[in-house]
Amino acid sequence: MTVAEFAHLWDPQPGWLNTASYGLPPRPGWDALQAALGDWRVGATSWEPWDESTTRARASFARLVGADLADVFVGSTVSAAVAPIAAALPGGSKVLVDDIEFTSNVYPWMVHADRGVEVVSAGTDKLIEAIRPGVDLVAVSAVQSLTGTVLDLAQVVAASKEIGALVVIDASQAAGWLPLDVAGVDALITHTYKWLMSPRGATLGYLSPRLQERCRPLHAGWYAGQNVHTSYYGTQLELASDASRFDQSPAWFSFVGAAPALELIEQIGVEAIHEHNLSLANEFRAGLGLPPGDSAIVSAAIPGAEEAFAAAGIRAAVRGGNLRASFHVYSTSADVQSALDALDGLAVENS
Ligand SMILES: Cc1ncc(COP(=O)(O)O)c(C=O)c1O
């Protein structure tokens, strides 16, 4: 089946070009959430059936990124998921980030400055060469939020391996459209509310066995127990032996919406979504006179674009003064065409 054959599962108002801010729920996710909310309102069920969605989302994420289920944890936000890794760094460690990195993968490292954890940054195009002896950990997004630049993950992994540095990937702008694999990575964390088209509040992460050993499960509560249902009370601490000891107790309804969305992405296939998204992004780029790119996010300096889009009812974003338009599984050529029509006559200042 092609991406187009799944299009009936979404109801976007034409002109939604802002999945990099939030993704639109597919009908199976939306329906599951409405059903759960209906049950919640009247007390029709206990919570355990909602929690099955957490288990399903965890398993689907593991398959999507090629991880062992035992190395996957669930959480709430990227920054909260990064925090225990940052806390495990010895004082004096050096962390390398992209200088436009989204701050959820920057501040959690920087707050350890008083213990001598140093955060250094490099421009996106200089990142690989900045992976030099002295760097202990590389923290970077698989796709940059600001520019849409796609990371050469294989190169980052290879360069980091050479100097023994850990690699922590924020996949929030990538998971759901860009094929990903955790091979050689120490942590890969994604919020699900963008390209995984889920309600905000469900974050999923992979932690390599070596990193699990080093990290303290700082969010441990009942849900981090070896047996969740015998971990409600008291001082008997028996945490899960796998990565679920890093779980934060889940926001039920976020995961209720997340599980069907992730499973649908598996069903459609990330490769097919990747091809669809790039084809639309490149159609947009061509219309702007830009060369083809490799990202579902297009960023361009077009003075007057924000006003032109607002007048035409097209919803995109402006980041760092640039227009940021993003294309996902429910976006269409008609969306691209109306965006180009709205921008007609405006000059593009960069590529
Ligand atoms: C790359 C990236 N990471 C993370 C987030 C969200 O971070 P958090 O889950 O900490 O709210 C965003 C939101 O825009 C993002 O673009």
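## Close-up views of the predicted model

**View 1. Strands S5 and S6 sit side by side.** Strand S5 (residues 166-170) and S6 run parallel and are joined by three bridges; strands count as paired if DSSP finds at least two bridges between them. Ile-169 has Leu-188 as its bridge partner in S6. Strands here are DSSP runs (E, at least two residues) and helices are too (H or I, at least four), numbered from the N terminus. A quick note on what you are looking at: this is a predicted model, where local features need pLDDT of at least 70, side-chain atom pairs count only at pLDDT 80 or more, and totals for chains, interfaces and linings use all residues. Residues are numbered from 1 along each chain as its sequence is written, and side-chain values use heavy atoms, with hydrogens and water left out.

**View 2. Strand S6 is under cover.** Five of the five residues in S6 are buried, which is to say under 20% relative accessible area, while exposed is over 50% and partly exposed lies in between (1.4 Å probe, protein chains only). In a regular strand, side chains alternate between the two faces of the sheet. In S6, Ala-187, Ile-189 and His-191 point one way, with Leu-188 and Thr-190 pointing the other, and all are buried.

View 3. S6 (residues 187-191) and S7 run antiparallel, with five bridges joining them. Leu-188 has Tyr-206 as its bridge partner in S7, and Thr-190 has Leu-204. S7 itself (residues 203-207) is mostly covered, with five of its five residues buried. Thr-203, Gly-205 and Leu-207 are on one side and Leu-204 and Tyr-206 on the other, and both faces are covered.

**View 4. Here is the ligand with its shell of residues.** There are 14 residues around the ligand, and Val-78, Ser-104, Asp-170, His-191 and Lys-194 come nearest; a residue is near if one of its heavy atoms lies within 4 Å. Sorted by class, the shell has three nonpolar, eight polar and three charged residues. For that sorting, Ala, Val, Leu, Ile, Met, Phe, Trp, Tyr, Cys and Pro are nonpolar, Asp, Glu, Lys and Arg are charged, and the others, Gly among them, are polar.

**View 5. Zoom in on oxygen atoms of the ligand.** A polar backbone atom of Val-78 is 2.8 Å from a ligand oxygen. A polar side-chain atom of Ser-104 lies 2.7 Å from an oxygen atom of the ligand, and for an N or O atom in the side chain of His-191 the distance to a ligand oxygen is 2.7 Å. The protein buries 93% of the 390 Å² that the ligand exposes when taken alone, with areas from the Shrake-Rupley method and a 1.4 Å probe.

**View 6. Trp-222 and Tyr-232 make an aromatic pair.** The structure holds 12 aromatic pairs, meaning rings of Phe, Tyr and Trp (its six-membered ring) with centres within 6.5 Å; planes under 30 degrees apart are stacked, over 60 edge-to-face and the rest tilted. The ring centres of Trp-222 and Tyr-232 are 5.9 Å apart and their planes are at 75 degrees, so this pair is edge-to-face.

Terms used. Polar contact = N/O pair within 3.5 Å; in protein donor to acceptor, adjacent residues only side chain to side chain.
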